Amino acid sequence: MAQDFSKILEGKVYSDDGDVAATHVLNTTTKKAAITDINGFFSIAVSLGDTLVFSAVQYKRKEIVVNTSILESKFLSVPLEESNIALDEVIVMPYNLTGNWAGI
């Protein structure tokens, strides 16, 4: 009989440019999330078959399904691939800003 085994998975995201702080780590199965620290480290609760989604503006979205090997591992390293995002247009909305702008 199979058991529902869950644990806190620890890991690190990394990329060639090294800017991995604040990458979102979402367990889409449980709807729980974590955010990486400045060095890319994270920890999140997982069970067998859960789907983890790693995302940040500067990286392509990455999905990993938690298998037995991941569940039994002590640490998960996740490479992220840079995404080239080009915006066709940026619209800046006017705001009523107040204050002393002379020092800026």
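Before I go on, the ground rules. This is a predicted model, with residues numbered from 1 along each chain as its sequence is written. Local features need pLDDT of at least 70, side-chain atom pairs count only at pLDDT 80 or more, totals for chains, interfaces and linings use all residues, and side-chain values use heavy atoms, leaving out hydrogens and water.

Terms next. Strands here are DSSP runs of E, at least two residues, numbered from the N terminus. Two strands pair if DSSP finds at least two bridges between them.

Back to the pair. Strand β2, residues 24–27, meets strand β5, residues 51–56. They pair in the antiparallel sense, over 4 bridges. N27 sits opposite L52 of β5.

Now the other neighbour. β5 and β6 are joined by 5 bridges and run antiparallel. They make a hairpin, with 2 residues between them. A56 has Y59 in β6 as its bridge partner.

So what is the strand order of the open sheet? β3-β2-β5-β6, 4 strands, with antiparallel pairing. Why is one side of β3 and of β6 left without a neighbour in the sheet? Because β3 (32–35) and β6 (59–65) stand at the edges, each with a single partner strand. The twist averages 15° from one strand to the next. Those angles use axes fitted as lines to C-alpha atoms, and run from 0 to 180 degrees between N-to-C directions.

β5 is mostly covered, with 5 of its 6 residues buried. Buried means under 20% relative accessible area, with a 1.4 Å probe and protein chains only.

Conventions:
Buried means under 20% relative accessible area, exposed over 50%, partly exposed in between (1.4 Å probe, protein chains only).
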